[in-house]
Amino acid sequence: MEAQRQDKLYMQRCIDLAKKAEGNTYPNPMVGSVIVHNGKIIGEGYHRKAGEPHAEVNAINSVKDESRLREATLYVNLEPCAHYGKTPPCSLLIRQKKIPRVVVGCTDTFSKVAGRGIEMLRSAGVVVTVGILEKESRELNRRFFTFHEQKRPYILLKWAQTRDGYLDIDRTLLDEARPTWITDDWARRMVHKWRRTEPSILVGTVTALKDNPSLTVRDWSGPNPLRLVLDRFGKLPHTLTLFNGKTPTLVFSEEGTPISENVETVYLTNTENPLLAVLEELYRRDIQSVMVEGGGILLNAFTDAGLWDEARVFIGEKWFVSGVEAPKIRQKPEAWEKFGNSRLFIYRNKSLY
């Protein structure tokens with residue numbers, strides 16, 4: 001029992017290290033590694049950025065006395081790789097350093113790994129323990145696993161609603177394109193932080209037309225996500241901010257025309273279910289997750305189809321009495337917290353798993 005408790009303790013450290021690189025490792029997963037000798041951590045590291053050394057390499061390189069590796073245990077939240085990519089296989093390095101024991105959080109279901117790393121280690125006589133904090137390890141890289149196992153991007157829905165359940169007022173008579181704010185600056189900053197960690201962001205025709213959004217990271221630091229807009233019938237004017245060419249943008253349309261440099265039109269072939277067409281195109285482009293920011297028609301299309309993995313819902317203090325109703329999620333939130341003058345609720349689509 002004590003040994004298992006220690007394994008969990010060090011594995012949690014791996015997960016905490018991995019989180020430091022959130023938003024930087026894409027399309028690679030987040031991975032942390034810890035090396036323990038006689039009950040003490042003698043090395044640790046994490047995968048900092050795609051193309052750079054993996055977590056195990058950084059952990060091994062941080063050990064001052066390499067001779068201790070032959071009596072140490074290496075912990076890592078994801079199965080060590082067994083293939084040559086931009087870096088050599090980590091499993092091969094572990095074998096070369098003669099580390100006798102490796103503890104793995106969860107197996108890597110990516111086709112080029114998929115148990116081969118563990119097999120490579122065991123074939124060399126390394127004692128491998130798998131499944132320590134497995135749930136937490138998979139949760140950390142849920143986008144990565146969803147993409148490779150379900151052959152589609154991880155779908156994150158995000159919206160803000162009033163206390164009486166509305167996304168927006170009725171703006172059919174408004175000429176000015178501007179958003180209707182429900183939350184405060186604290187919530188908006190958090191949304192920009194989320195944008196920084198998601199590779200793509202999607203809105204529908206009405207939101208693009210009425211809000212004229214930028215869909216960029218302005219109140220946080222980091223890269224902008226790939227902007228996506230579903231404009232099935234080519235209704236959006238080319239003067240919108242989305243089409244300014246400053247940030248890569250995809251327009252999904254049945255009838256649209258090319259707009260400008262850095263703005264690409266993707267013609268919908270599956271017109272019966274445009275959502276699947278969008279997801280198929282994102283998978284083809286190796287985009288592991290998409291944050292859907294609205295509006296009501298698009299959000300409801302995803303929830304009605306049960307096609308979502310996570311929903312983040314802000315509930316502000318305002319009342320609209322009437323307007324555009326927010327989507328209804330028929331399950332209890334997994335977590336919630338106070339956020340400025342709003343409350344943030346997190347939901348998971350448990351029916352998918």
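Here are legends for a few close-ups of this predicted model.

View 1. Five strands line up in the order S2-S1-S3-S4-S5, with mixed pairing. S2 (40–46) and S5 (127–130) sit at the edges with a single partner strand each, so one side of each has no neighbour in the sheet. Going from one strand to the next, the twist averages 15 degrees. S4 (residues 101–106) runs parallel to S5, and the two pair over 4 bridges. Look for Val-104 opposite Val-130 in S5.

**View 2. Tyr-283 and its contacts.** Tyr-283 belongs to helix H9 (residues 274–284). Its relative accessibility is 26%, so Tyr-283 counts as partly exposed. Leaving out residues up to four places away in sequence, Tyr-283 touches Phe-147, Lys-151, Arg-152 and Pro-153.

View 3. Asp-65 pairs with Arg-68 at 3.9 Å, N to O. Glu-66 meets Lys-97 at 3.1 Å, N to O. Glu-66 is partly exposed at 47%, and Lys-97 is partly exposed at 23%.

View 4. Arg-138 and Glu-149 form a salt bridge, their closest N and O atoms 3.0 Å apart. Arg-138 lies in helix H5 (residues 134–140) and Glu-149 in helix H6 (residues 142–150). Both partners are partly exposed: Arg-138 at 29%, Glu-149 at 37%.

**View 5. A salt-bridge network.** Glu-139, Arg-142, Glu-310, Arg-312 and Arg-348 are linked by salt bridges. The model's salt-bridge count comes to 22.

How values were computed: Residues are numbered from 1 along each chain as its sequence is written. This is a predicted model: local features need pLDDT of at least 70, side-chain atom pairs count only at pLDDT 80 or more; totals for chains, interfaces and linings use all residues. Side-chain values use heavy atoms; hydrogens and water are left out. Two strands pair if DSSP finds at least two bridges between them. Axes are lines fitted to C-alpha atoms, for helices over the stretch in contact, and angles run from 0 to 180 degrees between N-to-C directions. Buried means under 20% relative accessible area, exposed over 50%, partly exposed in between (1.4 Å probe, protein chains only). Contact means heavy atoms within 4.5 Å. A salt bridge is a side-chain nitrogen of Lys or Arg within 4 Å of a carboxyl oxygen of Asp or Glu.
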